[in-house]
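Here is a friendly briefing to read alongside the model. Please keep the structure open as you go through the points.

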There are 2 protein chains.
Amino acid sequence: MHGDHPTLEAVAAHAGVSRATVSRVVNGTAGVRPELRERVKASVAALGYVPNIAARNLVTRRTGAVAVVIAEPETRVFADPFFARQLRGISRTLAAHDTQLLLMLLEQRADYERIGRYLTGGHVDGTLMFSLHNDDPLPAIAAASGLPTVFGGRPGWSGAERQPDILYVDTDNRDGARQAVRHLLERGRKRIAVITGPLDQTSASDRLDGYLDALGAEAPDPGLHAHGDFTVEGGAQAMAWLLDRSPGPAARPDAVFAGNDLMATGALRTLRDRGLRVPDDVAVVGYDDLEPAATWSEPSLTTVRQDVERMGELMAGLLLQRLGRGGASEDDAPPAPVVTPARLVVRGSS
Amino acid sequence: MHGDHPTLEAVAAHAGVSRATVSRVVNGTAGVRPELRERVKASVAALGYVPNIAARNLVTRRTGAVAVVIAEPETRVFADPFFARQLRGISRTLAAHDTQLLLMLLEQRADYERIGRYLTGGHVDGTLMFSLHNDDPLPAIAAASGLPTVFGGRPGWSGAERQPDILYVDTDNRDGARQAVRHLLERGRKRIAVITGPLDQTSASDRLDGYLDALGAEAPDPGLHAHGDFTVEGGAQAMAWLLDRSPGPAARPDAVFAGNDLMATGALRTLRDRGLRVPDDVAVVGYDDLEPAATWSEPSLTTVRQDVERMGELMAGLLLQRLGRGGASEDDAPPAPVVTPARLVVRGSS
DNA sequence: GCACGACATGAGAGCGCTCTCACCGTCTTT
DNA sequence: AAAGACGGTGAGAGCGCTCTCATGTCGTGC
């Protein structure tokens with residue numbers, strides 16, 4: 001298939017040293033005379049030697065690979081470059097530490113079982129998981145595998161319970177929502193509605209909490225509280241529901257905070273269909289700063305941005321740290337969950 | 001790290017047979033008495049045995065893994081779920097054949113070198129590559145690695161030249177473009193402009209060719225031929241250029257075929273800014289059927305759809321076939337490039 | 001009834017690497 | 001000047017698996 005692969009042995013012979021010495025040089029272990037080290041390096045280059053990872057893994061019991069598990073990719077991966085960006089951050093960080101990225105996309109129930117077996121089989125050193133729902137079996141699978149795991153987004157409590165030292169990277173959804181709603185208050189909006197995502201996802205419930213935080217003591221009118229499902233269509237319907245519930249213009253919400261940009265896009269559509277002007281009649285704020293939704297829309301969307309790529313980097317970093325390959329800060333504080341800041345981006349819709 | 005991993009040896013002892021027999025059972029090799037086979041299987045289950053792939057790979061010289069290499073992901077991966085969908089198709093097919101998916105995203109020049117070394121190192125059995133530009137070094141790297149490779153999209157000739165039996169999966173861009181432009185002709189449009197993508201990508205040049213095909217003998221006015229870069233901004237500028245070049249309403253194009261939906265979105269924006277109505281004044285057709293661009297836009301976009309997920313499946317299938325793990329059609333025709341059909345989707349913009 | 005082939009099983013070598021441990025030469029210490 | 005300490009190097013034992021080959025055990029044909 002592929003050409004001749006020189007072995008350690010061959011390099012050793014070429015350099016006139018032992019296998020052990022070549023191994024030390026290749027792995028950067030200290031304790032080889034500089035002179036010898038150079039000679040070995042020259043031989044490695046001359047022969048085009050590349051270590052056989054299978055052999056290495058066999059003895060070290062490490063694979064140098066981590067699995068990235070993404071559950072139910074149909075849900076978000078499509079209209080949303082979220083995972084793609086996160087993957088970029090992850091890929092970059094892992095590559096910098098010579099760690100391979102094994103991608104596993106779970107689509108069906110049967111896939112979960114496969115993954116469980118795979119992880120337990122010790123084919124990877126750790127996992128990065130994106131589990132979207134609170135009742136997702138992924139945290140349990142991760143726990144059962146015994147592999148160090150970092151989650152993208154704070155997992156629901158059912159998983160957290162079993163794994164007290166659970167590691168995750170999340171964005172500060174609550175604060176982001178707070179910023180969004182405060183912004184609407186500052187703009188003088190009085191009746192601020194919310195369109196939530198599925199509340200069995202922490203991102204959705206945290207954003208709702210932030211909305212409630214900002215509104216403070218004033219118990220919000222339940223008529224201003226609509227449920228969506230993080231899709232455009234769901235946002236459109238939720239907006240329609242909100243408008244239908246208000247008898248007259250006075251009761252109508254003068255602002256809407258949507259749990260994500262997709263739903264905000266749907267809300268914009270409904271408002272346009274009903275002949276309402278944005279932001280004059282109703283201000284709209286989204287969440288995610290999803291390029292297609294936020295900047296291509298008319299008007300462009302005020303929304304909350306999170307540094308998704310950075311979150312990917314942090315996830316990988318956290319995992320590498322736990323694997324003991326964390327770079328400089330080896331003996332620093334033990335790895336802990338990270339929450340990254342969110343930032344309001346004001347555009348035309350508010 | 002993870003619990004006890006029973007070895008083949010342990011299973012053999014438990015079942016009272018030799019290592020070789022257990023190996024045969026585990027790998028489904030013929031020639032074991034059914035009775036023994038069952039006994040071994042029971043022991044495997046009882047001990048929770050999972051083969052150590054490192055050890056297996058070491059002797060078989062196969063890794064059971066395939067690298068998916070995506071070059072310059074910043075370009076498209078962001079606003080475009082293209083790769084995410086293709087990955088889904090790939091992942092599904094590979095999983096069905098117990099093959100792992102190693103994802104490598106290339107961002108910098110240095111990454112290419114890293115990948116080259118990695119592939120040459122024999123860490124994977126084959127590669128799936130997405131190389132976007134004709135002068136991309138990826139085909140050369142693939143050739144140098146000697147690994148079976150399947151490309152996503154037809155690579156430019158410079159790579160194809162060196163590898164005569166090159167394998168790829170592409171969509172029929174030329175025919176898709178032909179359909180789009182014929183549709184505009186059928187709608188009675190007379191001055192049909194084109195906004196091309198970067199012509200060093202076969203997808204862009206093929207689409208231009210399709211446009212020219214449909215227009216036939218009538219040499220198109222060079223003033224109707226604008227260059228874009230597959231981005232929204234580029235499309236907006238190209239549209240502006242087209243409008244600026246036409247002295248009066250009579251000379252103005254009455255239709256635009258954009259090389260992708262992103263550019264079509266940009267074109268829509270420019271038309272709106274100039275006070276032109278779509279499709280009344282100018283009809284617009286895009287390409288890709290990118291959900292955010294095509295269905296969320298106002299008006300929704302007539303565009304050309306390709307089954308991206310299916311393309312991913314086909315790519316993986318082709319590679320597995322070449323690796324001799326192709327399922328049923330082992331001894332059928334040798335694997336060959338596949339071109340999948342494109343289909344016009346008519347919506348509001350034309 | 002005996003040679004032979006077909007089939008099932010086990011013994012054992014070895015894949016390429018890491019890592020422990022023994023060795024050796026050089027330097028310090030008493 | 002002898003004894004120890006120490007850093008550099010090599011020898012060799014495996015890691016868990018597959019696969020070839022030898023061995024054993026039948027069934028078949030003459």
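Chain A and chain B bury about 4600 Å² between them, and 65% of that area is on carbon and sulfur atoms. Buried area here is the accessible area (1.4 Å probe) that two parts lose on being put together, summed over both. The size of an interface is often given in this way, as accessible area lost when the parts come together.

This is a predicted model, in which local features need pLDDT of at least 70 and side-chain atom pairs count only at pLDDT 80 or more, while totals for chains, interfaces and linings use all residues. Residues are numbered from 1 along each chain as its sequence is written, chains are lettered from A and ligands numbered from 1 in the order in which they are written, and side-chain values use heavy atoms, with hydrogens and water left out.

**Where chain A meets chain B**

- In the interface, 52 residues of chain A are in contact with 53 residues of chain B; contact means heavy atoms within 4.5 Å.
- Six salt bridges link chain A and chain B, a salt bridge being a side-chain nitrogen of Lys or Arg within 4 Å of a carboxyl oxygen of Asp or Glu.
- One salt bridge joins the side chains of E107(A) and R88(B), at 3.4 Å from N to O.
- Eight residue pairs, both at pLDDT 80 or more, are in polar contact between chain A and chain B. A polar contact is a pair of N or O atoms within 3.5 Å; within protein, one must be able to donate a hydrogen and the other to accept it, and residues adjacent in sequence count only if both atoms are side-chain atoms.
- On the side of chain A that touches chain B, the elements giving two or more residues include helix 4 (53-60), strand 2 (100-106) and helix 13 (261-273) of chain A. Helices (H or I, at least four residues) and strands (E, at least two) are DSSP runs, numbered from the N terminus.
- Helix 6 of chain A gives the most to that side, with seven residues.
- The residues of that side of chain A divide into 28 nonpolar, 13 polar and eleven charged. For these classes, Ala, Val, Leu, Ile, Met, Phe, Trp, Tyr, Cys and Pro count as nonpolar, Asp, Glu, Lys and Arg as charged, and the others, Gly among them, as polar.

**Around DNA strand C**

- Of the 27 residues around DNA strand C, L8(A), Y49(A), T21(B), R33(B) and R61(B) come nearest; a residue is near a strand if one of its heavy atoms lies within 4 Å of it.
- Sugar and phosphate make up 64% of the atoms of DNA strand C that come within 4 Å of the protein.
- From chain B, the side chain of R19(B) has an N or O atom 2.9 Å from a base nitrogen of DNA strand C.
- Helix 4 of chain A gives the most to the surface near DNA strand C, with five residues.
- That surface has 13 nonpolar, eight polar and six charged residues.

**Around DNA strand D**

- T21(A), R33(A), R61(A), L8(B) and Y49(B) come nearest among the 27 residues around DNA strand D.
- Sugar or phosphate accounts for 65% of the atoms of DNA strand D within 4 Å of the protein, and bases for the rest.
- A polar side-chain atom of R24(A) lies 2.9 Å from a base nitrogen of DNA strand D.
- Helix 4 of chain B gives the most to the surface near DNA strand D, with five residues.
- By class, this surface has 13 nonpolar, eight polar and six charged residues.

- R39(B) is found in helix 3 (residues 34-47) of chain B and counts as partly exposed because its relative accessibility is 37%. Buried means under 20% relative accessible area, exposed over 50%, and partly exposed in between (1.4 Å probe, protein chains only).
- Not counting residues up to four places away in sequence, R39(B) touches A15(B), G16(B) and V17(B).
- S246(B) sits in the loop between helix 12 (232-245) and strand 8 (255-258) of chain B, and at 13% relative accessibility S246(B) counts as buried.
- A polar side-chain atom of S246(B) lies 2.8 Å from the backbone oxygen of L243(B).
- Leaving aside neighbours within four places in sequence, S246(B) is in contact with A251(B), R252(B) and P253(B).
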